[in-house]
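Hello,

Here is the structure I promised to pass on to you. Have a look at it first, and then read on for my notes on what turned up.

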Amino acid sequence: MRMFHKAFTSTLVFLFFSEVVFSTPPEDPIQCSSGNTTCTITNSYGMFPDRSICLASQVLYPTTEQELVSMVASAARSKSKMKVTTRFSHSIPKLVCPEGQNGVLISTKYLNKVVKVDVAARTMRVESGVTLKDLISEAAKAGLALPYAPYWWGLTIGGLLGSGAHGSTLWGKGSSVHDYVVDLRIVRPASPQEGYAKVESLNEQHEELNAAKVSLGVLGVISQVTLKLEAIFKRSITYVAKDDSDLGEQVASFGHAHEFADITWYPSQHKAVYRVDDRVPNNTSGNGLYDFIPFRPVASLTLAVVRTSEDIQEIVGDANGKCLSAKTTTNTLVTSAYGLTNNGVIFTGYPVIGFQNRLQASGTCLDSLQDAKITACAWDSRVKGEFFHQTTFSIGLPVVKNFIEDVQKLVQLEPKGLCGIELYNGFLMRYVKASSAYLGKQEDALDIDITYYRNKDPMTPRLYEDILEEVEQLGIFKYGGLPHWGKNRNLAFEGAIKKYKNAEKFLRVKEKYDSEGLFSSTWTDQILGLKDGVTILKDGCALEGLCICSQDSHCNPSKGYYCRPGKVYKEARVCTHWRSK
Ligand SMILES: Cc1cc2nc3c(=O)[nH]c(=O)nc-3n(C[C@H](O)[C@H](O)[C@H](O)COP(=O)(O)OP(=O)(O)OC[C@H]3O[C@@H](n4cnc5c(N)ncnc54)[C@H](O)[C@@H]3O)c2cc1C
Ligand SMILES: *[C@@H]1O[C@H](CO)[C@@H](O)[C@H](O)[C@H]1NC(C)=O
Ligand SMILES: *[C@@H]1O[C@H](CO)[C@@H](O)[C@H](O)[C@H]1NC(C)=O
Ligand SMILES: *[C@@H]1O[C@H](CO)[C@@H](O)[C@H](O)[C@H]1NC(C)=O
């Protein structure tokens with residue numbers, strides 16, 4: 001075992017420091033068997049939470065709004081189900097699946113042009129398939145910047161609005177990109193008299209913008225979006241690692257104190273890394289760059305070795321090994337400043353100061369040389385690499401301290417229980433603000449992002465299965481967390497729509513824009529509370545997050561796992577190994 005740890009540790013170090021040049025672009029999530037017909041659609045991980053992939057009869061690639069209108073019209077005339085899809089399909093749940101097998105996919109892959117930059121008004125109008133990466137770089141050329149954004153630049157504007165994506169701040173209008181939308185054009189089905197499709201042009205005067213700016217894709221196809229930007233500015237970033245004993249006390253005030261604050265928490269290591277991140281005057285010297293290490297290309301060979309090591313740790317129940325690997329990973333990330341450099345080349349010390357466009361997001365694993373299958377994004381499903389679940393919810397600031405303390409109690413009872421998530425960089429905790437979007441955040445909150453091992457075999461529980469399930473149920477049910485629409489396992493969406501005070505208003509707009517539900521599917525109806533069945537009951541369902549267990553068969557008794565109450569949150573029902581107390 002010792003030898004093994006050593007090998008694993010050096011692999012990780014290699015993983016983080018290897019300079020890699022050649023990278024393969026991610027596969028197209030849409031594959032068709034004949035031309036652009038008889039297609040399958042999946043996400044960038046190659047699999048939905050229930051391990052299915054979805055079918056469609058064809059894929060269409062509009063390049064202009066006029067083409068888009070005629071495509072929606074012809075599908076609407078034949079009453080075909082439709083779904084909007086994007087170049088990479090980065091959402092985990094089944095948002096992009098049309099109903100049945102005969103649906104039509106409308107891809108925004110070539111709807112990717114910048115329409116207009118208005119420097120004086122500080123706005124930018126883009127087509128919905130523009131990626132965050134292109135948005136950031138085009139805005140910067142005009143001396144403008146989006147103040148807050150997701151940290152991963154591989155998302156499209158349409159997709160990140162569709163799923164309510166965000167960065168981190170409690171300042172201004174908050175960190176959700178949709179709260180910076182000043183107008184938006186959406187193509188939706190219409191009556192035969194109107195030609196079966198029409199464009200709605202919505203601005204801040206229209207109530208309906210509050211539905212369209214976080215729409216889950218069910219209102220139609222967003223063709224263009226205008227975003228309010230700012231004059232480009234500089235930031236100063238310092239990561240400060242501290243003991244986590246007062247984390248619960250600190251979390252709200254830290255978020256108010258620093259404009260771009262976030263916290264990465266490693267509960268088993270009793271450590272929290274505070275991102276002290278503020279705006280500084282434009283003339284402060286520094287040309288820092290953020291190239292987040294986990295979003296860099298990784299050698300496919302390395303990915304396979306790391307995955308195999310983790311598989312072995314899981315099989316033999318090597319909790320100590322996981323804790324050791326977690327420590328090495330965290331130390332490597334912390335000492336290499338998570339991928340920050342002072343000048344684009346090396347990290348020489350804090351603070352790292354630079355322009356917003358170089359610090360706000362990254363994702364170099366997407367940069368590509370066709371056919372060079374040497375490196376990939378760590379989660380690329382074509383290579384043996386990371387395969388995980390992601391649980392992401394936002395908890396209201398007034399109660400988040402209690403959530404943190406409950407997790408700390410769990411760690412006290414089971415000190416190695418959360419080492420596994422620290423291999424995936426712990427709990428990423430970011431600030432979000434109450435939004436005017438009907439399906440946006442309901443109050444100022446802390447969004448908590450947790451990534452953890454998923455076995456290729458759906459019936460195999462993970463190490464400390466029960467602890468992870470309890471954290472998930474604590475966040476989502478005890479503390480009423482709102483699940484991120486673009487992440488999570490099915491159970492997180494159970495009753496979620498009831499947490500949105502304007503859900504009814506959203507449904508009224510949906511009824512008006514698409515009364516026949518052509519852009520809806522069973523999954524979107526379920527998460528919108530229109531149909532039952534968000535959770536799926538079957539053998540082993542709790543292991544996959546398809547259900548909360550209510551009987552032992554939902555766990556896997558043949559492997560020694562039974563459905564039991566939580567350790568701290570007694571109302572939780574989790575799959576526990578008979579040997580654990
Ligand atoms: C590595 C990684 C990092 C991430 N980091 C963050 C982060 O920092 N913050 C965060 O909040 N999230 C993050 N996410 C999650 C991410 O926000 C969502 O998965 C994302 O918004 C999906 O964008 P997409 O362009 O891939 O859209 P898709 O997943 O393809 O689509 C999402 C939804 O939007 C709809 N849609 C897409 N385009 C349109 C359109 N033009 N008109 C109407 N509907 C449309 C789709 O039908 C679907 O319902 C991350 C994901 C990954 C893989
Ligand atoms: C599929 O659609 C794309 C984009 O419109 C087009 O370039 C390609 O030629 C189509 N393929 C076939 C076989 O029709
Ligand atoms: C900062 O400098 C850039 C040019 O380098 C300029 O476009 C921008 O407007 C300046 N921002 C502020 C806040 O003064
Ligand atoms: C930045 O500019 C301000 C005036 O706008 C000046 O007072 C200050 O000294 C400058 N700082 C640096 C580091 O040049």
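**Salt bridges**

Lys401 and Glu405 join their side chains in a salt bridge, with 3.5 Å from N to O. Both residues belong to helix α10 (residues 397–413), where they sit four residues apart, about one turn of the helix. Lys401 is partly exposed at a relative accessible area of 29%, and Glu405 is partly exposed at 30%. Please keep in mind that this is a predicted model.

The structure holds 38 salt bridges. Another one pairs the side chains of Glu204 and Lys173, at 3.9 Å from N to O. This pair links distant parts of the chain, 31 residues apart: Glu204 is in the loop between β10 (197–203) and α5 (209–212), while Lys173 is in the loop between α4 (157–162) and β9 (181–189). Glu204 has a relative accessible area of 47% and is partly exposed; Lys173 is partly exposed too, with 46%.

**Domains and the strands**

The chain is divided into domain 1 (10–15 + 234–349 + 370–493), domain 2 (30–107), domain 3 (114–231) and domain 4 (496–580). Between domain 2 and domain 3, the C-alpha centres are 21 Å apart. Their contact takes 16 residues from domain 2 and 21 residues from domain 3.

The C-alpha atoms of Val84 and Ile106 are separated by 4.9 Å, although the two residues are 22 residues apart along the chain. Leaving aside residues up to four places away in sequence, Val84 touches Val96, Ile106, Thr108, Gly220, Val221 and Phe519.

Val117 is in strand β6 (residues 114–118), and counts as partly exposed because its relative accessibility is 32%.

**Helix α12**

Helix α12 (residues 465–478) has 14 residues and reaches 19 Å from its first C-alpha to its last, close to the 20 Å expected at 1.5 Å a residue. Is this helix mostly covered or mostly open? It is mostly covered, with twelve of its 14 residues buried.

Tyr464 lies in the loop between β23 (445–453) and α12. Its phi is near 55°, a positive value in a residue other than glycine. Just after α12, Gly480 takes a positive phi of about 60°.

**Other backbone features**

Ser89 is another residue other than glycine with a positive phi, near 60°. It is in the loop between β4 and β5 (104–107), and counts as buried because its relative accessibility is 3%, under the 20% cut-off.

Finally, the peptide bond from Tyr350 to Pro351 is cis, with omega near -5°. Pro351 lies in the loop between β18 (340–341) and β19 (352–355).

Best wishes

How values were computed: Residues are numbered from 1 along each chain as its sequence is written. Chains are lettered from A and ligands numbered from 1 in the order in which they are written. This is a predicted model: local features need pLDDT of at least 70, side-chain atom pairs count only at pLDDT 80 or more; totals for chains, interfaces and linings use all residues. Side-chain values use heavy atoms; hydrogens and water are left out. Helices (H or I, at least four residues) and strands (E, at least two) are DSSP runs, numbered from the N terminus. The expected span of a helix is 1.5 Å times one less than its number of residues. Buried means under 20% relative accessible area, exposed over 50%, partly exposed in between (1.4 Å probe, protein chains only). Domain bounds come from an automatic or database domain assignment. Contact means heavy atoms within 4.5 Å. A salt bridge is a side-chain nitrogen of Lys or Arg within 4 Å of a carboxyl oxygen of Asp or Glu.
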